[in-house]
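Biologist: I'd like to learn how to read a model like this one feature by feature. Can we put it on screen and start with a single side chain?

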Amino acid sequence: MDDHSLNRAARLLHHRKAGLSQGDPAVPPITATATFHLPHVQAGGHFYGRNGLPTWEAVEAQLALLEEADCVSFPSGMAAIAAALFASLKQGARLVVPADGYYVTRVLSQGFLAPFGVTVTELPTRNFATADFTGVDVVYLETPSNPGLDAVDITATVSRARAAGARVIADNTTMTPYLQRPLDLGCDMVVAADTKAPSGHSDVLFGHVASRDPALVARVRDWRRMSGAIPGPFEAFLVHRGLETLELRLSRMCASAAVLADRLAAHPAVKNLRYPGLKGDRSYGVTCAQAANGGFLIVFELADAEIAEAFLARCPLLEQTTSFGGTHSSAERRARWGDAVAEGFIRLSVGIEPVDELWAAIRDALPAQG
Ligand SMILES: *Cc1c(COP(=O)(O)O)cnc(C)c1O
């Protein structure tokens, strides 16, 4: 991570200090209330829990520091993505989404935006940076894509989108604002599932939209207030606590992922391994240019579904769960969800276990040969 990220990590841990008075709690309280004392409407302050709540505002202050942008928090990544899309599209608009990105974004677009007159086009991630976006209103990119880990050159995509007069939304979930900064590269909005690494303990769903365009932020806030997609105070408390250790966890997770990617790539049972931080990977060049490192996700194939499931069942240090970014390493066979991948395709999310212990457990669970 660069000095700028480390500086943000340090400031994040003390972000509340300037606003504290004598006797205030140092940690944000869980403000479980729907209503606030309101004898006068015009007097300022909080007034109703759908409009604003101190516990989410504490998380938004952390996220704003990380994104260096206004942030609006949501009860899940998908709630944030829906807000960004509904706030920036209208009838007759054309939206481009990745054909190989997080599948719920595609299903939402096809199932709920298309019926209202939005034309939804799916484009493979590897074609974004060279696409012709003429006639497109919103380009939605995800890099590296989940689960294929193809990287998009954000700067090149933004310049092509700008030439066509389109806005760009980036799903930055797989990288987090410490590893990749799409707003600095010209994107209009960032969306992210803080369910993953930012909260980091697999115990909460959360999301946010970040933008430096005040009009877009206002519209996203209006969407939240009117759709009612508001985070709860208990969830916000957990995310606030998780974000305090994000930089520390990521450092371990990404360093371990780089070690495991090398060792797995050399293993005779492992085929078609992808890790954006691995020299020679198709995503390596773009990743070096726009991200701090290759992240903490690795994907690879074992011979077939049965062998892949046996590996997952045998390895004591891999949780068999979906999702990623938690403290525990986890892995799953993505074909079980219908992703367009080989039957033996595994997505591995590297956790914070000491790396040699983790490698030994993975090595011992892998079949000897392919
Ligand atoms: C998980 C994920 C989401 C959705 O987040 P939820 O919190 O599960 O709603 C969106 N985009 C990507 C890339 C994800 O991995």
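Modeller: The scale is simple: buried is under 20% relative accessible area, exposed is over 50%, and partly exposed is in between, using a 1.4 Å probe and protein chains only. One caution before going on: this is a predicted model, so local features need pLDDT of at least 70 and side-chain atom pairs count only at pLDDT 80 or more, while totals for chains, interfaces and linings use all residues. Residues are numbered from 1 along each chain as its sequence is written, and side-chain values use heavy atoms, with hydrogens and water left out.

Biologist: Which side chain does Arg 333 meet in a salt bridge?

Modeller: A salt bridge here is a side-chain nitrogen of Lys or Arg within 4 Å of a carboxyl oxygen of Asp or Glu. For Arg 333 the partner is Glu 343, at 2.9 Å from N to O. The two link distant parts of the chain: Arg 333 is in strand E10 (330–333), Glu 343 is in the loop between E10 and strand E11 (345–349), and ten residues separate them. Those labels are DSSP runs numbered from the N terminus, with helices (H or I) of at least four residues and strands (E) of at least two. Glu 343 counts as partly exposed because its relative accessibility is 46%. There is also a network, in which salt bridges with shared partners join Glu 332, Arg 334, Arg 336, Asp 339 and Arg 347.

Biologist: How many salt bridges does the structure hold?

Modeller: It holds 17. Have a look at Arg 181, which pairs with Glu 68, the closest N and O atoms being 2.3 Å apart. That pair also links distant parts of the chain, 113 residues apart: Arg 181 is in the loop between helix H6 (176–179) and strand E6 (189–193), and Glu 68 is in the loop between helix H2 (54–67) and strand E1 (70–74). Arg 181 has another partner, Asp 184, with 2.8 Å from N to O.

Biologist: Are Arg 181, Glu 68 and Asp 184 buried or partly exposed?

Modeller: Arg 181 is buried, at 14% relative accessibility. Glu 68 is partly exposed at 34%, and so is Asp 184 at 43%.

Biologist: How should I read contacts around a residue?

Modeller: Contact means heavy atoms within 4.5 Å. Skipping residues up to four places away in sequence, Arg 224 touches Trp 56, Glu 60, Val 72, Ser 73, Phe 74, Ala 229, Ile 230 and Pro 231. Now try Asn 51, placed in the loop between helix H1 (3–12) and H2. Asn 51 is partly exposed, with a relative accessible area of 31%. Its contacts, leaving aside neighbours within four places in sequence, are Trp 56 and Arg 225.

Biologist: What about the domains?

Modeller: Domain bounds come from an automatic or database assignment. That gives domain 1 (3–243) and domain 2 (246–365). Their centres, taken over C-alpha atoms, are separated by 26 Å. The contact takes 32 residues from domain 1 and 31 residues from domain 2.

Biologist: And the pockets? What's the general idea there?

Modeller: Rolling a probe the size of a water molecule over the atoms shows where empty space is left. The largest pocket has about 590 Å³ of space. It is lined by 30 residues, and Thr 195, Lys 196, Thr 322, Ser 323 and Phe 324 are the closest to its centre. A pocket is an open set of points on a 1 Å grid over the protein atoms alone, where a 1.4 Å probe fits, with protein on both sides within 12 Å along at least five of seven lines; lining residues have an atom within 4 Å of a point. Volume is the space filled by probe spheres set on the points, which are joined across faces, edges and corners.

Biologist: Which helix gives the most to the lining of the largest pocket?

Modeller: Helix H3 (residues 77–88), with three residues. Each of domain 1 and domain 2 supplies at least three residues to that lining.

Biologist: Where does the second largest pocket lie?

Modeller: Between domain 1 and domain 2, because both give residues to its lining. The second largest pocket has about 360 Å³ of space. Its lining has 19 residues, with Asp 100, Pro 147, Gly 148, Ala 340 and Val 341 nearest the centre. Strand E8 (271–274) and strand E9 (297–301) are the elements that give two or more residues to this lining.
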